[in-house]
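Biologist: Please take me through this model slowly, and tell me how each term is decided.

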Amino acid sequence: MTINRRHFGKLALAAGASTLAAPWIGRARAADAARLGVLLPLSGPLASLGNDVMRGFELAKQLTEEDGGGLGGKVDLVTVDVPSSTEATSQATRLITSERVPLILGSYASSISFAASQVAERNRVVYFEQGAVADDITQRGFKYLFRFIYPASELGGGAANFTLDKVLPAIGMEAADVKVALLYEDSFYGTAVGESAKKVFADAGVNVVDATSYSYKTTDLSPIVQRYKQLQPDVIVACQYTPDGILFWRQAREANLDVKAMVGNGGAHNVNEFAEALGNDVNGVLNAGTSVYINPEGLTPETATLFERFHQEYEKRFSRKPSAHSGMGFNAMWIVLNDVLPAAGDMDAEAIREAALALDKPVGSSIVGWGTKFDPQTQNNTRAFPTFDQWQNQGIKTVAPDDLAISSIKGLPLPGWGDRGSI
C-alpha cells in the first residue's frame with residue numbers, strides 16, 4: 001500500500017526546520033515531503049550515542065528514498081536536540097504544536113523518553129522509542145507509545161544471567177564463591193538495569209559486595225575504584241554512558257585494579273569511543289546489549305542482504321564503523337518507513353497505531369537479530385532480546401546467543417593491564 005501523498009503535502013510547512021547547533025538540524029526541507037519528528041540528545045554528555053542513533057535514522061531514510069520507498073515520496077526528518085530530560089517536554093511540545101509532525105521517533109535515554117512520550121500521549125501523537133529501556137516507560141498505559149527495544153529488566157537480568165551461565169565457568173568460579181560489584185549511573189536507565197541485575201544475583205545466592213550508583217555527569221570515579229581495591233570483587237557488572245564508562249576504566253587502569261571479568265550494559269561498553277580511549281586494555285571486556293556484529297546466517301535471507309548493505313553504506317557515507325546504537329536507530333526508522341507507514345496508508349495517528357499493532361515479523365527479520373511484534377497491552381516489542389559481546393583485538397564481537405555469535409569468550413580471567421593485546 002502506498003501512503004497518501006496529498007496528505008503529506010498538507011503536513012509540509014513552508015518555514016525552515018530547526019536551526020539548532022547539531023549538524024543534523026537545519027537542513028533544507030524537501031517540498032511535499034513526509035515530515036517525521038526526531039528527538040535525540042545531539043549535544044552534551046549523551047551526544048555520542050545520540051549522534052550514533054541519528055546516523056542510523058539518516059541511513060534508513062536515505063536507503064528508503066533511494067529504493068523508491070514504501071512512502072512513495074521524500075521524507076523530511078524534523079530534528080530537535082534534547083541534551084537532557086530538562087529540555088524533553090519543551091522540545092516535544094515544539095515538534096507537535098509548532099512543527100506539527102504526525103509522529104516522533106526518539107530518544108535512547110530513558111529520562112528523555114519518559115518526559116517526551118508523555119507530551120506525545122497527551123497530544124495523541126504516536127511516539128516510537130527505539131532505545132530507551134527503563135521498564136516504567138511502557139508501564140503507564142499509554143495508547144500511542146511503542147518501544148522497539150527490550151526493557152531494562154531483561155537487559156540487567158540478562159547481564160546477570162550471562163555472568164552466571166557463561167562468565168563464571170570462564171573464570172573457574174561458582175555462584176556461591178564469586179564476589180560481584182554492581183556499578184550503575186543513577187538515571188532511570190542505570191537504576192533499572194542495576195536493580196534488575198541485583199535481583200537475579202540475589203536469587204542465585206551471589207555475594208554482591210557493593211552496589212553503587214552515581215551521576216553520569218561526574219568527573220571523578222576514583223573513590224569507587226579505591227573502594228573496589230579494598231573489596232576485591234571478582235566481577236564488575238556496570239551500566240554506564242560513554243564518558244563515565246571511559247572515565248571509570250581509565251581510573252581502574254591507573255589504580256591497577258585487577259578483576260577477573262568486567263560486564264558492561266550497552267551505553268558505554270560496546271561503542272567505538274570506548275575502544276579508541278583504552279586501546280588494547282579494552283580487550284576482554286564483555287557487554288550485554290544490542291549488536292550489529294552478529295552472524296548474518298542467523299537472519300532471514302532478505303534481512304541478511306540488508307545487514308550487509310547497512311554495513312557497507314554506513315562506512316561509505318559516514319567514514320566510520322556503525323555502533324549498536326546506529327543499528328537500533330536504523331532498525332526503528334527502517335521498520336517505520338517500510339512497514340508501518342505503508343500499512344497505515346495515512347498519517348492519521350489511529351491508522352499508524354493499528355498498523356504498528358498488526359506488525360508480525362519473525363525473529364531474525366531485523367539487522368540486530370530481533371523480530372517485531374508489539375504487545376497489545378504494553379506495546380513493548382516482544383521479539384527484542386539482548387545479545388552479548390566481547391572486545392577482541394579492539395573489535396566488538398558477539399559471543400551469545402549461539403545462533404548469532406561470531407566468536408567465543410576469550411582471555412578470561414583477564415590478564416594484567418598492558419597484557420591484553422592478544423585477546
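Modeller: Helices (H or I, at least four residues) and strands (E, at least two) are DSSP runs, and they are numbered from the N terminus. With that naming, Pro413 has its place in the segment after S12, and the peptide bond that leads from Leu412 to Pro413 is cis, with omega near -5°. The model is predicted, so that local features need pLDDT of at least 70 and side-chain atom pairs count only at pLDDT 80 or more, whereas totals for chains, interfaces and linings use all residues. Residues are numbered from 1 along each chain as its sequence is written, and side-chain values use heavy atoms, with hydrogens and water left out.

Biologist: Which other peptide bond is cis, and where is Ser107 found?

Modeller: The bond from Gly106 to Ser107 is also cis, with omega near -25°, and Ser107 belongs to the loop between strand S3 (103–106) and helix H4 (110–122). In the loop between helix H3 (88–98) and S3 lies Arg100, whose phi is near 55°, a positive value in a residue other than glycine.

Biologist: Why is H7 called oblique to H8?

Modeller: Helix H7 (residues 222–231) and helix H8 (residues 242–254) pack at an angle of about 50°, and their axes, which are lines fitted to C-alpha atoms over the stretch in contact, lie 9 Å apart. That angle makes H7 oblique to H8, because angles under 35 degrees count as roughly parallel, over 145 as roughly antiparallel, 65 to 115 as roughly perpendicular, and the rest as oblique.

Biologist: What makes the contact, and which residues of H7 and H8 meet?

Modeller: Contact means heavy atoms within 4.5 Å, and by that rule Ser222, Ile224, Val225 and Tyr228 in H7 meet Phe248, Gln251 and Ala252 in H8. These residues divide into five nonpolar, two polar and no charged, where Ala, Val, Leu, Ile, Met, Phe, Trp, Tyr, Cys and Pro count as nonpolar, Asp, Glu, Lys and Arg as charged, and the others, Gly among them, as polar.

Biologist: What makes one space a pocket and another a cavity?

Modeller: On a 1 Å grid over the protein atoms alone, a cavity is a set of points where a 1.4 Å probe fits but cannot get out, while a pocket is an open set with protein on both sides within 12 Å along at least five of seven lines. Helix H10 (301–318) and helix H11 (324–344) each give two or more residues to the lining, with the largest share, six residues, coming from H11. By class, the lining of the largest pocket has five nonpolar, seven polar and three charged residues.

Biologist: How many cavities are there, and what lines the largest cavity?

Modeller: The whole structure holds five cavities of 30 Å³ or more, and the largest has a volume of about 150 Å³. Of its 20 lining residues, Gly131, Val133, Tyr189, Gly266 and His325 are the closest to its centre, and strand S10 (286–289) and H11 are the elements that give two or more residues. Its lining divides into 11 nonpolar, nine polar and no charged residues.

How values were computed: Axes fitted to C-alpha atoms, helices over the stretch in contact; angles between N-to-C directions. 1 Å grid on protein atoms, 1.4 Å probe; cavity = no way out; pocket = protein on both sides within 12 Å on 5 of 7 lines; lining within 4 Å. Points joined across faces, edges and corners; volume = space filled by probe spheres on them.
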